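Subject: Structure handover

Hi,

Here is the structure I promised to pass on. Please open it alongside this note.

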Amino acid sequence: IITRSLDERTRMLKHLKKREILAVFHYIPLHSSPAGLKYCRVSQGMEVTNEMSNRLIRLPMYYGMSNEDIDRVVECVKSFY
């Protein structure tokens, strides 16, 4: 999910956590990673990439998820909005 802002992402993660749904935001842009800081060269600012990384949420998704689990995640996201 891409939220509208960092604040919205933070509130959504709290909302999901309260309902025992593990969602994460661990995307680090390559240019900000340790290797990227050491080896990467960018010719322009990476504002869009940085902004998107602040708004991204990874929902739980795995092979063994039941339809009930999927429905619960979907309903929780819908109830937030």
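Predicted model: local features only at pLDDT ≥ 70, side-chain atom pairs only at ≥ 80, totals over all residues.

Residues are numbered from 1 along each chain as its sequence is written, and side-chain values use heavy atoms, with hydrogens and water left out.

**Core.** The largest nonpolar core has 11 residues: M12, L13, L16, I21, A23, I57, M65, V73, C76, V77 and F80. A nonpolar core here is a set of buried Ala, Val, Leu, Ile, Met, Phe, Trp, Tyr and Cys residues joined through side-chain atoms within 4.5 Å. Buried means under 20% relative accessible area, exposed over 50%, and partly exposed in between (1.4 Å probe, protein chains only). Two or more core residues come from each of helix 1 (6-18) and helix 4 (67-80). Helix 4 gives the most, with four. Helices are DSSP runs (H or I, at least four residues), numbered from the N terminus. I21 touches L16, P60, R72, V73 and C76, leaving out residues up to four places away in sequence. Contact means heavy atoms within 4.5 Å.

**Helix packing.** The axes of helix 1 and helix 4 come within 10 Å and cross at roughly 135 degrees. Axes are lines fitted to C-alpha atoms over the stretch in contact, with angles from 0 to 180 degrees between N-to-C directions. The two helices are therefore oblique to each other (under 35 degrees is roughly parallel, over 145 roughly antiparallel, 65 to 115 roughly perpendicular, the rest oblique). On the helix 1 side, E8, R11, M12, H15 and L16 meet C76, V77, S79 and F80 of helix 4.

**Aromatics.** There is one aromatic pair. The ring centres of F80 and Y81 are 5.0 Å apart and the planes stand at 90 degrees, so the pair is edge-to-face. Rings of Phe, Tyr and Trp (its six-membered ring) pair with centres within 6.5 Å; planes under 30 degrees apart are stacked, over 60 edge-to-face, the rest tilted. Y81 is partly exposed, at 47% relative accessibility.

**Loops.** E20 is in the loop between helix 1 and helix 2 (34-39). Its phi is positive, near 60 degrees, and E20 is not a glycine. E20 is exposed at 69% relative accessibility. L59 is in the loop between helix 3 (47-55) and helix 4. L59 is partly exposed at 29%. Beyond four places in sequence, L59 contacts I1, L16, A23, V73 and V77.

Best wishes
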